[in-house]
Amino acid sequence: MQICTTIDAVRESVRHARSEGKTIGLVPTMGALHAGHLSLIERCRERADFIVVSLFVNPLQFGPGEDYDRYPREEDADQAKLESVATDVLFIPAVAEIYPEGETMRVSVGRMAKALCGASRPGHFDGVVTVCAKLFNIVQPDVACFGQKDAQQLVILRRYVRDFNVPLHVMGCPTVREPDGLAMSSRNQYLAAKERKSAVSIFQALELGQRLVDDGERDPTSILQAVEDFIQMNSSAEIDYVAMVDPETLDDVVEIVGGEILAVAAKFGRARLIDNIIVETPDDEA
Ligand code: AMP
């Protein structure tokens, strides 16, 4: 695995791989890698010959008072994990390499950035899309892989690539979970033991939502209420939102037809956790 800290070095490396006829895959991360990240790399490898993993804690996507300063940074352990899966290049730039003059411009996402997490994290998705736009231009991959766990991010990036005619395929990858169902997240390490135990209620509540759909419920309102009640009864979490949205527009849905995103964000102590499932209906599966 080659480690690049500069844009020039990663470009040179990609240029060389291209000259050998290889296709390029990109997996952007903020580090503190876990099995969810590694699964993205493995999936990316199925679609591309040469894999670039970026590790960059992007200041632009953190709001004031959020966890930019204390976000876990575990570069040595991350490097070892990346060696264990087939990564060709680790791109690990300093903030000054990506934003040499500080913040100048950012991509403005608009409406879709205001849904779900956007309401409590203004500017977050503009920051995400800005750094991804830069990474796409630096690496120029054929495919870029993102987790379904961050569903809103995935929907917005798909939309960005379509609207701005970026010549790459955005691939969504399934959420990897702990054995009890909690979605893996670098932020799970903020959880105290008791919070960690009750954090599984998010996924259990999402599963309950799916079960209600399985039993024939098609009204999102009653499902959202049941999901919220379940989390409240089984944890002391502070719920940010429970929502069911259209997978293309992120607008709230009024009727369930299958394919909707059922999403939750909730604070367990100082950890703000998010999770979601794609709602399935029998017609949808047929
Ligand atoms: P992050 O380092 O949190 O910015 O995440 C980097 C990428 O890993 C994003 O595309 C995330 O959606 C993805 N990711 C994070 N957690 C998981 C998970 N549990 N399963 C699958 N992908 C994940």
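**Reading the ligand site, a cavity and a salt bridge**

Student: Which side chain has an N or O atom 2.9 Å from an oxygen atom of the ligand?

Tutor: A polar contact is a pair of N or O atoms within 3.5 Å. Here the side chain of His 37 supplies the N or O atom, 2.9 Å from a ligand oxygen. The model is predicted: local features need pLDDT of at least 70 and side-chain atom pairs 80 or more, while totals for chains, interfaces and linings use all residues. Numbering runs from 1 along each chain as its sequence is written, and side-chain values use heavy atoms, without hydrogens or water.

Student: Which elements give two or more residues to the shell around the ligand?

Tutor: Helices are DSSP runs (H or I) of at least four residues, and strands (E) of at least two, numbered from the N terminus. In this shell they are β2 (24–29), α2 (35–47) and β5 (143–147), with α2 giving the most, three residues. Of the 17 residues around the ligand (a heavy atom within 4 Å), Met 30, Gly 147, Asp 150, Val 176 and Met 184 come nearest. By class, the shell has eight nonpolar, seven polar and two charged residues (Asp, Glu, Lys and Arg count as charged, Gly as polar).

Student: How many cavities of 30 Å³ or more does the structure hold?

Tutor: A cavity is a set of points on a 1 Å grid where a 1.4 Å probe fits but cannot get out; lining residues have an atom within 4 Å of a point. The structure holds one of 30 Å³ or more. The largest cavity has about 50 Å³ of space. Its lining includes Lys 149, Leu 182 and Asn 188, and strand β9 (residues 271–278) gives the largest share, three residues.

Student: Where do Glu 12 and Arg 15 sit relative to each other?

Tutor: Side chains of opposite charge can pair when their charged atoms come close. A salt bridge puts a side-chain nitrogen of Lys or Arg within 4 Å of a carboxyl oxygen of Asp or Glu. Glu 12 and Arg 15 form one at 2.9 Å, N to O. Because they are three residues apart in helix α1 (residues 7–19), about one helical turn separates them. The whole structure has 13 salt bridges.

Key
Polar contact = N/O pair within 3.5 Å; in protein donor to acceptor, adjacent residues only side chain to side chain. 1 Å grid on protein atoms, 1.4 Å probe; cavity = no way out; pocket = protein on both sides within 12 Å on 5 of 7 lines; lining within 4 Å. Points joined across faces, edges and corners; volume = space filled by probe spheres on them.
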